[in-house]
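Student: Hi, could we go through this model together? I'd like to start with the overall picture and then look at some details.

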Amino acid sequence: MRTTFVSAAVGMIDALMVLATLWATLWATLWATLWATLLATLLATLLATLWAGESAAADRRLHVVATTTVVADLVRQIGGDRLTVDSLMAAGIDPHSYKATPRDADRLARADLVVASGLHLEGKLADLLERLSRRVPVIAVADAIPAGRLLDAGAGLHDPHVWFDAGLWSLGVPAVAEKLAKLDPPHAEAYREAGRAYAERLVALDGELRESLAEIPLERRVMVTAHDAFRYFGRAYGIEVVGIQGTSTEAEAGLGDLNRLVDLVVTRKLPAVFVETSVSDRNVTALREGARARGHAVALGGRLYSDSLDTPGSGADSLEGALRANVATIIAGLTGEQTSPAPRSK
Ligand SMILES: [Zn+2]
């Protein structure tokens, strides 16, 4: 009887021991699971925060302010969707006479990069851009074009209208692409690649324009325009160009200049003269009246894009589109065919 009691007691103790071990194992597992879950959650949160920070940085696109629509187009061709690009001057605005408003100064100061055309095209913005360059990176497209390829405009200045020679303008593209690559290293190679592709397209366009313009008979290859914006165009594509005003619209045309041009139009029997989208028609109208008074009716050959592109969706909101539109207008005007539909009047 006594033996039975002892063995029963030992059995109970054994059972208790097993239970205790089981209990301890369960607790340990529970704790371990709890800790593991806690740690995993913490780690996941940390990673998610880091990831979000990184993609926010990747989403933060560079903001570029260009002075003119022509320059804004160049920057867009290189940057695509990786940038936001804003043009200080709207379509149809004359850059020679443009004065910055207080809002413009603010827009410029908030930019990550300011891209100008250069060579004093933006004559009245020069001081502002100079002051701005101490705080914001400022570059000019034309600064990358070798001085030996630039045309003289008198008074120690160069003619700023370089974009009318598509091949020459292409030389300004790599420097802008390189600047963007420096400011936005994760996309550096994409900027360089897009810059190369755009420069190649401009060189191809250069050949295309030259070939198209070759159909104008040699003796008719004379373009009279409102201001002297087309000298690079004339040099590149073999057309004699004469502007009623000088290389800047800031210089007034004198009566002597006008009479000299009436002479030219009448004696060479030019079929057409051209107006520009960013310059007043006043002088061209006076020239046509002068020629008519001397018995030569000279047509309005159409409206050329000069220092500004057109509004989005017009087909001439890119330099390539505007140059093609100009060449079509020039060919129609100088071969005496029906003039192409004139773009929006100023
Ligand atoms: Zn101009």
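**Talking through the fold**

Student: How much of the chain counts as buried?

Tutor: Of the 346 residues of the chain, 38% count as buried. Buried means 20 or more other C-beta atoms within 10 Å of the residue's own, exposed means 12 or fewer, and partly exposed lies in between, with C-beta atoms placed from the backbone. This is a predicted model, where local features need pLDDT of at least 70, side-chain atom pairs count only at pLDDT 80 or more, and totals for chains, interfaces and linings use all residues. Residues are numbered from 1 along each chain as its sequence is written.

Student: Thanks! How many helices and strands does the chain have?

Tutor: There are eleven helices and eight strands. These are DSSP runs numbered from the N terminus: helices are H or I with at least four residues, strands are E with at least two.

Student: At what angle do H7 and H11 pack?

Tutor: H7 (residues 188–213) and H11 (residues 319–334) pack at about 10°, with axes 10 Å apart. Axes are lines fitted to C-alpha atoms, for helices over the stretch in contact, and angles run from 0 to 180 degrees between N-to-C directions. That makes H7 roughly parallel to H11, a label for angles under 35 degrees.

Student: Which residues meet there?

Tutor: On the H7 side they are Leu205, Leu209, Ser212 and Leu213, and in H11 they are Glu320, Leu323, Val327 and Ile331. A contact means C-beta atoms, placed from the backbone, within 7 Å.

Student: What do the buried residues of H11 pack against?

Tutor: Their partners are helices H2 (69–79), H5 (166–170) and H7, plus strands S5 (222–227), S7 (272–276) and S8 (299–304). Among those buried residues are Leu319, Asn326 and Gly333.

Student: Is Pro217 buried or exposed?

Tutor: Pro217 is exposed, because 9 other C-beta atoms lie within 10 Å. Pro217 sits in the loop between H7 and S5. The C-alpha atoms of Pro217 and Leu334 are 8.6 Å apart, though 117 residues separate them along the chain.

Student: Switching to the sheet, what is the strand order in the open sheet of four strands?

Tutor: The order is S2-S1-S3-S4, with parallel pairing. Strands pair if DSSP finds at least two bridges between them. S2 (83–87) and S4 (138–140) are the edge strands, each pairing on one side only. The twist averages 25° from one strand to the next.

Student: And which helix packs on it?

Tutor: H2 packs on the sheet, touching S1 (62–66), S2 and S3, and its direction makes about 170° with that of S2.

Technical notes: Parallel < 35°, antiparallel > 145°, perpendicular 65-115°, else oblique. Contact = placed C-beta atoms within 7 Å.
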